[in-house]
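Trainee: I've got a model open and I'd like to learn how to read its strands and helices. Can we walk through it together?

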Amino acid sequence: MARQRYHDGLALRQALPGRFLPFLVGSMAFLAALALAGGIAAHSLSQRWTHGAGAVTTVQVPGPTDPATATAAMGQMPPTRIDAVLAILAATPGITDTHRLSDAELRALLAPWIEQTGDPSLPLPAVIELHTAPGQDVAASLLPRLQAQAPGLLMEHDSIWSDRLAALAGSLQACAGLAVLVVMTVAVCVVMAATRAGLLTRRQAIGLIHALGATDSYISGRFATRVGLLALWGGVWGSVLALPMLLALSHLAAPFTAMGDAPATAPDWHDVQAWTGLLPPALLWMLVILPPAAGLTGWATTQLTVRAWLRRLP
C-alpha cells in the first residue's frame with residue numbers, strides 16, 4: 001500500500017480504480033469509432049456517386065450514319081449525325097471525357113432484350129457516355145445544339161438522383177458528427193463524475209497537502225495523469241474491439257465504394273495485410289488517433305474539474 005502511495009503521490013489507485021473508468025471510456029470509444037466509420041462510409045459513397053456513376057451523362061443518337069441535318073448541307077460540319085455530335089461534344093467546355101460504346105459493348109448491354117428477337121441485324125442507336133467536371137452541368141445548354149444536328153437525339157443524366165444521394169450522404173455525415181459529439185459529451189461527464197468521486201474519496205488528504213503548500217497545478221497534474229492514462233487505455237481497447245466489426249462492414253461495403261472491381265470473397269483470415277487493405281485510410285487513421293484523443297480529453301477534463309474543485313477549498 002505504501003508503495004502505491006509513493007507512485008501516485010495521492011494514493012489515486014484507490015480513489016480512481018483502474019477498471020471502472022477504462023471500461024466506460026472504452027465503451028464510448030467503441031461507439032465513437034462506429035459513428036465515425038458511418039460518417040466516413042457516407043462520405044465515400046457520396047464521392048462514388050458524385051464522381052462516378054452520377055457524373056455520367058448518356059447520349060443516344062438514332063440513325064448515327066444518317067446525314068446531319070442543319071449545317072451538313074453548308075459543308076460546315078461532318079456529314080453524319082454521329083460525327084456532328086462528337087464534334088460538338090469535343091468543342092464543349094466542361095466535358096472531361098467521351099466514350100462511344102462499340103457495337104459489342106452495346107449488344108452486350110442490351111443482350112437480355114435483343115437476344116429475344118433473334119435478329120442480330122437490328123439497327124441500334126449510337127450511345128455516347130459523357131464525363132463532366134465536378135459542378136459542371138452542361139446538359140441544358142448542350143441538348144438544343146445536339147438536337148439541331150441530330151433530331152430525335154436523347155440525353156439522360158442522373159444528376160437528380162446523384163444530388164439526392166449526395167444530400168442523403170451529407171445528412172448521414174451530419175448524424176454521425178452529432179453522434180460523436182454526444183458520445184464525447186457523455187465521456188466528458190463520466191470523467192468529471194469519476195474525478196469528483198476520487199476527489200471526495202481523498203478529500204482529507206488533498207485538503208491537508210493543499211494546506212501544507214501543495215499547488216493546484218501539482219494536485220490537478222496528479223489526477224490528470226492518472227485519468228489520462230486510464231482514458232488512453234480505455235481508448236485502446238475501444239478501438240481494438242471496434243476493429244473486427246469495421247473490417248466486416250468494410251468488406252460488405254466494398255462493392256458500393258470501390259472505384260474498381262471489389263473482391264468477391266473475404267480475404268483469408270490470417271492475411272492481416274489484405275484485411276487492413278479493406279479499411280479506408282481515413283478509417284485506419286481514425287482508429288489510430290482515437291486512443292490518444294480519449295487520453296487527451298480525459299487529461300484536460302480532469303485538469304479543469306480538479307482546479308475548479310480546489311478553488312472551493314478554504
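Trainee: Which residue stands opposite Thr 57 in β3?

Mentor: Leu 130 stands opposite Thr 57 there. Some ground rules: this is a predicted model, where local features need pLDDT of at least 70 and side-chain atom pairs pLDDT 80 or more, while totals for chains, interfaces and linings use all residues. Numbering starts from 1 along each chain as its sequence is written, and side-chain values use heavy atoms, leaving out hydrogens and water.

Trainee: How many bridges join β1 and β3?

Mentor: Strands are DSSP E runs of at least two residues, numbered from the N terminus, and two of them pair if DSSP finds at least two bridges between them. Here β1 (residues 56–61) pairs with β3 over six bridges, in the antiparallel sense. Strand β2 (residues 95–100) also pairs antiparallel with β3, over five bridges, and Arg 100 sits opposite Ile 128.

Trainee: Is β3 mostly covered or mostly open?

Mentor: Buried means under 20% relative accessible area (1.4 Å probe, protein chains only). Strand β3 (residues 126–132) is mostly covered, with five of its seven residues buried.

Trainee: And the helices: at what angle do α4 and α7 pack?

Mentor: Helices are DSSP H or I runs of at least four residues; axes are lines fitted to C-alpha atoms over the stretch in contact, and angles run from 0 to 180 degrees between N-to-C directions. Helix α4 (residues 81–90) and helix α7 (residues 139–149) pack at about 155 degrees, axes 9 Å apart. So α4 and α7 are roughly antiparallel (angles over 145 degrees).

How values were computed: Angles under 35 degrees count as roughly parallel, over 145 as roughly antiparallel, 65 to 115 as roughly perpendicular and the rest as oblique. Buried means under 20% relative accessible area, exposed over 50%, partly exposed in between (1.4 Å probe, protein chains only).
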